[in-house]
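This report describes one protein model for a reader who is new to structures. Look at the sequence and the model before reading on.

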Amino acid sequence: MPGNEASPQTPQPPQTPQTPQTPLARAEEFIWLTARVLEQRRFAFHFLGGDPDPVDTALGSYLNADGGYGHALDPDLRGPLSQPLHTAHALRVLDSLGRCAGQRVERLCRHLTGVSTADGALPVVFPAPRDYPAAPFHPVHDDPPGELLTTGPVVGVLHRNRVWHAWLFRATDFCWDRVENLRHSHPYEVQSAVAFLDGIPDRARAAAAADRLGRLVREQRLVVLDPVRRAEYPEAPGYAPGERLYPHDFARRPESLARGWFTDAELRRSLDFLASEQQPDGGWPVRRRAWAPGSSLERRPIATLEALLTLRAYGRLPAKLSPPGPVPPR
């Protein structure tokens, strides 16, 4: 009987397993979904074979008439005003493009001369007639002191690019004095000291200072040498819960002087941990204290780019990471 006949089945196409996304592909999707134009352009330049001009153009939107950078280029300082932390961020971008030279940098150095402290250094936050929102860990003082935290990275990048300007003389002396006389420090200040030492022309003096600094970092337990036991390492005063730094945070590239602070096993564990920190959405986390939604959202793509660049520098990612695309509109 018809009711007993088997119903014909519609043929189903064979199921093919979906190719799992690579870590870079996941990060790429995260960047296109969440990043500012600047970080999108930087990603395209570093990982998709993109042109440096769009990065330069995007960075130019943060440039002020005084030669400095503002407009929350560093996401923890909001508002349009030029600030030293923005300058350090801009110089890192220009350095990565090979464009840390010319009239733009000359104007920037003139700006730094005008905002420097009496000892020729840069404060973390420069006071201004009008207050704009800033992270609570960057308090504004009426007469702020010069800090290695901001001065070190700026001086290091300028020296590495063979920039010569009168501002650099006193600022360089300030950094040498701070680095060679550090007795107690915190992880981010040590990062800035490394940025200074990695760029300074006097390599013998830099190596000697780095050797002493590395011993201090290990003695004061400012670096987590074993990520599995990270809870046993102290957090620096004022840092957020879980805000600790690892060997890869100091030795961002193999040629850094800080690379000599760590054994191969210590660095391997650190890089393994960095790779494992990629989140399900493709981005890397930000460990510093969250204080404003916009700052936290903008900081994660920056952290993701830094993680990818560090992993690639140590051969953890292939040289050619992704085909061109999706291409940002011109």
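## Thr 172

Thr 172 is buried, with a relative accessible area of 10%; buried means under 20% relative accessible area, exposed means over 50%, and partly exposed lies in between (1.4 Å probe, protein chains only). Thr 172 belongs to helix α7. Helices (H or I, at least four residues) and strands (E, at least two) are DSSP runs, numbered from the N terminus. Apart from neighbours within four places in sequence, Thr 172 is in contact with Val 155, His 159, Phe 196 and Ile 200, where contact means heavy atoms within 4.5 Å. Thr 172 and Thr 151 are 21 residues apart along the chain, and 8.6 Å separates their C-alpha atoms.

## Basis of the model

The model is predicted: local features need pLDDT of at least 70, side-chain atom pairs count only at pLDDT 80 or more, and totals for chains, interfaces and linings use all residues. Residues are numbered from 1 along each chain as its sequence is written, and side-chain values use heavy atoms, with hydrogens and water left out.

## Overall build

The protein has twelve helices and zero strands. Its C-alpha trace spans about 100 × 45 × 35 Å along the principal axes. Of the 330 residues in the protein, 48% are buried. Among contacts with a separation of 6 or more, 64% are between residues 24 or more positions apart.

## The largest nonpolar core

A nonpolar core is a set of buried Ala, Val, Leu, Ile, Met, Phe, Trp, Tyr and Cys residues joined through side-chain atoms within 4.5 Å. The largest one holds 78 residues, and Leu 158, Trp 167, Leu 197 and Trp 261 touch the most other members. Helix α7 (residues 166–180) gives the most to this core, with seven residues.

What does Leu 197 contact, leaving aside its neighbours within four places in sequence? The list includes Trp 176, Val 179, Arg 203 and Leu 257.

## Helices α1 and α2

Helix α1 (residues 23–34) and helix α2 (residues 37–47) have axes that come within 9 Å and cross at roughly 150°. Axes are lines fitted to C-alpha atoms, for helices over the stretch in contact, and angles run from 0 to 180 degrees between N-to-C directions. The two helices, α1 and α2, are therefore roughly antiparallel to each other, a label for angles over 145 degrees.

On the α1 side, Leu 24, Glu 28, Ile 31 and Trp 32 meet Glu 39, Gln 40, Phe 43 and Phe 47 in α2. By class, this contact of α1 with α2 has five nonpolar, one polar and two charged residues. Ala, Val, Leu, Ile, Met, Phe, Trp, Tyr, Cys and Pro count as nonpolar, Asp, Glu, Lys and Arg as charged, and the others, Gly among them, as polar.

## A proline in α10

Pro 247 lies in helix α10 (residues 247–250). Pro 247 is buried, with a relative accessible area of 0%. Leaving aside neighbours within four places in sequence, its contacts include Val 223, Leu 225, Phe 262 and Ser 270.

## Two positive phi angles

Most residues other than glycine have a negative phi. His 71, not a glycine, has a positive phi of about 60°. His 71 sits in the loop between α3 (52–60) and α4 (84–97) and is partly exposed, with a relative accessible area of 36%.

Arg 162 also has a positive phi, near 55°. The loop between α6 (148–160) and α7 holds Arg 162, which counts as exposed at 72% relative accessibility.

Conventions. Angles under 35 degrees count as roughly parallel, over 145 as roughly antiparallel, 65 to 115 as roughly perpendicular and the rest as oblique.
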